[in-house]
Amino acid sequence: MQKKMQQFGKDYMEQLITHGAGHDILRFVSIPELLGEDSSSILYVLGKKLARQVKPASMEEIEDFFIQMGWGNLNLVKQKRHEITFELSGAPIVHRWKVGLGQEYRLEAGFLAASIEQIKELVCECVDENVPKKEYVQFNVYFAKED
């Protein structure tokens, strides 16, 4: 019988200790090898499921979570009527590119999509794009029009 996953609260997250290397090996090497061409889609779904457990209630909580997870510094750069643009930057991003690991950010994209869904109460999807010359990853979160 499968145990129900524990709710992630801020206190629980602060108790986690990691240095990131093990996470990077699993995420960028082992999981893609295990899942093959489906790894991108599965990581996106995992990101969405993680956001539903964490339940961030504000943009600040999303940004804090990205820092806690070692994903980098997330900044909201533009907000339109049906789209929000974020940039993810910092040492984790630059380092992954330098060593040839960080080619895709579907886990983060899924997390962002579900987080914004919860905050705005609208269906969202997120697209990620590497911008290596400027050393950031851009995320465009698109949400449905309100009825």
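Is E83 buried or exposed? E83 is buried, with a relative accessible area of 17%; buried means under 20% relative accessible area, exposed over 50%, and partly exposed in between (1.4 Å probe, protein chains only).

This is a predicted model, in which local features need pLDDT of at least 70, side-chain atom pairs count only at pLDDT 80 or more, and totals for chains, interfaces and linings use all residues. Residues are numbered from 1 along each chain as its sequence is written, and side-chain values use heavy atoms, with hydrogens and water left out.

**The sheet**

Four antiparallel strands form an open sheet, ordered β1-β2-β4-β3. Strands (E, at least two residues) and helices (H or I, at least four) are DSSP runs, numbered from the N terminus. Two strands pair if DSSP finds at least two bridges between them. β1 and β3 are the edge strands, and each pairs on one side only. From one strand to the next, the twist averages 25 degrees. Axes are lines fitted to C-alpha atoms, for helices over the stretch in contact; angles run from 0 to 180 degrees between N-to-C directions.

Two of the pairings are set out here.

| Strands | Sense | Bridges | Opposite residues |
|---|---|---|---|
| β1 (residues 73-79) and β2 (residues 83-89) | antiparallel | six | L76 and F86 |
| β3 (124-131) and β4 (residues 136-143) | antiparallel | eight | D128 and F139 |

A hairpin of three residues joins β1 to β2.

E83 sits in strand β2. Setting aside neighbours within four places in sequence, E83 is in contact (heavy atoms within 4.5 Å) with K78, N140, V141, Y142 and F143. E83 and E125 are 42 residues apart in sequence, yet 9.7 Å apart in space, C-alpha to C-alpha.

**The helix pair**

Helix α4 (residues 59-68) and helix α6 (residues 106-120) have axes that come within 10 Å and cross at roughly 160 degrees. α4 and α6 are therefore roughly antiparallel. Angles under 35 degrees count as roughly parallel, over 145 as roughly antiparallel, 65 to 115 as roughly perpendicular and the rest as oblique.

From α4, M59, I62, F65 and F66 meet E108, F111, L112, S115, I116 and I119 of α6. By class, this contact has eight nonpolar, one polar and one charged residues. Ala, Val, Leu, Ile, Met, Phe, Trp, Tyr, Cys and Pro count as nonpolar; Asp, Glu, Lys and Arg as charged; the others, Gly among them, as polar.

**E108**

E108 lies in α6. E108 is buried, with a relative accessible area of 0%. Beyond neighbours within four places in sequence, E108 contacts R27, F66, W71, L88, R96 and F139.
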